[in-house]
Amino acid sequence: MLSIEDLNKKTDNEIVELVLENSGYFLHIVERYKFKLFVYIRRISNMSAEDAEDILQDVFIKVYQNLNDFDNDLKFSSWIYRITHNTVIDNFRKLKARPQIFDLDMDDDRIKVLANEFDIEKEIDEKQFKEVLNKVLSKLDVKFKEVIILKFLEEKDYKEISDIIKIPQGTVASRISKAKKLLKKELENIEI
Amino acid sequence: MLNEKFDQELLGKIKDKKIIPRWHFLFKDCFVWFFGILSLIFGSLSFSVIFYLVKHNEWDVYSQIGESFSSFVFLVLPYFWILFLVFFMIIVYFNMKNTKKGYRYPLHVIVFMNIMVSMLFGVLFFYIGFGQAIDDALGERVPFYSEVINRRMNFWCQAEKGKLVGTVIEIKNENSFVLIDVCHKKEWIIEHDASVKIKIEKPIRLTGEMIADDIFKAEIILPAGRLGRGLFRKYNGRNFNNGKDCENIK
């Protein structure tokens, strides 16, 4: 077995190759992604931490079983986010519910970036902005919410978002643009 | 925050699971591509028949038979084959979307590429002769051929509206002959101008007037052309029971 230091130097794709030879390395993939995906699941759903954990377990089981389906042309992170996204959606389909925004869980820097991105004209502090954004996002359609979360909170580029949601890059761009317009409109209309 | 025992619980669950072998995914991909390509071929074959039917339509005679260009196009458009083409194009679209990278292409790109490839192969298949072969084969074998598959034949199957199509089976004299109406499986006595030379077993189209239940006065007589040859072969005029269903007659 390779040491933790050696494994840390390896790319995701190299780790996948290692797991296919020796499944004992799978835990390293889990270590790399479990927190990111846990936050992502919570962001795109209104699940409790326990439910999100269950979903995350399902995600890693699917990732493990389908490792041979991973296409090296993709970024591994896009692939694992795609599985996570689909697992959350499948779960909501089973429950016949719609994913809701629970808590955007943003740090202050991210809030500043987003506030600039939406070019809010009203005077609004960062805490208020976060509350308002939570409220406004919960009103948006899922297809707009998910691109906003992936772009501005998960910091994915258009190609990665396209690979995660499995839609063309042009559609990603138009959804982000429309979502930004809708958000800006909602933010300006909201009583602060 | 995540439960501290998350990794242990996960390992416990994964212990019983196996990594799905690569051939399973390759098989799935091949299956999607195979049906996509098969649908593309069927779509191209449909296009080759459309091309064949449109090319051999009587564009030069529609005015002689008393129809405007638009109503003539509307009457003889090969709807069956157009629907068939659209059906296979939809299947190709869904197969494309289910390939590993199909989602990267927008709908209009897939539809445009689909149309272009179907047209390209359709024209190729037409020149190889598939369009004609399919039309001939269906004309011989399919009972609803003239009503559904080649409506241009049905257009000529309206004796009461002055249009008739069939095969000459007997020449009575220089002014009349007997025709088998391939649509209604019926014999007609055709009266015509003596200047027109008629040959036995020749498929022809007529315009004129129905003057009795089995007598038709012809004004214009035209060769039947290439379309619906299979139908003429099926009802070649021999052993024909006038006015009765002739499903068993070859």
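Me: What share of the 192 residues in chain A is buried, and what makes a residue count as buried?

Reply: In this predicted model, buried residues make up 50% of the 192 residues in chain A. A residue is called buried when its relative accessible area is under 20%.

Me: What makes up the secondary structure of chain A?

Reply: Chain A has 10 helices and 0 strands. Of its contacts with a separation of 6 or more, 65% are between residues 24 or more positions apart.

Me: Why is a set of residues called a nonpolar core, and which residues have the most contacts inside the largest one?

Reply: The term applies because the members are buried nonpolar residues joined through side-chain atoms within 4.5 Å. The largest such core has 63 residues, and those with the most contacts inside it are A:Phe26, A:Ile29, A:Phe60, A:Val63, A:Phe76 and A:Ile80. Apart from this core lies another, of 13 residues, including B:Trp188 and B:Leu179.

Me: Which residues does A:Ile29 touch, leaving aside those up to four places away in sequence?

Reply: A:Ile29 touches A:Ile15, A:Val16, A:Val19, A:Phe60, A:Phe76 and A:Ile80.

Me: Why is the pair A:Glu146 and A:Arg175 called a salt bridge?

Reply: The closest N and O atoms of A:Glu146 and A:Arg175 are 4.0 Å apart. The cut-off is within 4 Å, so the pair counts as a salt bridge. The pair links helix 8 (residues 142-153) with helix 10 (residues 169-189) of chain A, 29 residues apart. Both A:Glu146 and A:Arg175 are buried.

Me: How do you know whether A:Glu160 and A:Lys75 are buried or partly exposed?

Reply: A:Glu160 has a relative accessible area of 8%, so it is buried, the limit being under 20%. A:Lys75 has 47% relative accessibility and therefore counts as partly exposed, since that class lies between the 20% and 50% limits. The two residues form a salt bridge, with the closest N and O atoms 2.9 Å apart.

Me: What makes B:Lys100 and A:Asp69 a link between two chains?

Reply: B:Lys100 lies in the loop between helix 4 (79-97) and helix 5 (107-128) of chain B, and A:Asp69 in the loop between helix 4 (49-65) and helix 5 (76-95) of chain A, so the pair joins two chains. Their closest N and O atoms are 3.1 Å apart, which is within the 4 Å cut-off for a salt bridge. Between chain B and chain A the count is 5 salt bridges. Another pair is B:Lys101 and A:Asp73, at 2.8 Å from N to O.

Me: Why is B:Lys217 called partly exposed?

Reply: B:Lys217 has a relative accessible area of 38% and is therefore partly exposed, because this class lies between the limits of 20% and 50%. B:Lys217 is found in strand 5 (residues 215-223) of chain B. Not counting residues up to four places away in sequence, B:Lys217 touches B:Glu191, B:Thr207, B:Gly208, B:Glu209 and B:Ile211.

Technical notes: Residues are numbered from 1 along each chain as its sequence is written. Chains are lettered from A and ligands numbered from 1 in the order in which they are written. This is a predicted model: local features need pLDDT of at least 70, side-chain atom pairs count only at pLDDT 80 or more; totals for chains, interfaces and linings use all residues. Side-chain values use heavy atoms; hydrogens and water are left out. Buried means under 20% relative accessible area, exposed over 50%, partly exposed in between (1.4 Å probe, protein chains only). Contact means heavy atoms within 4.5 Å. A salt bridge is a side-chain nitrogen of Lys or Arg within 4 Å of a carboxyl oxygen of Asp or Glu. Helices (H or I, at least four residues) and strands (E, at least two) are DSSP runs, numbered from the N terminus.
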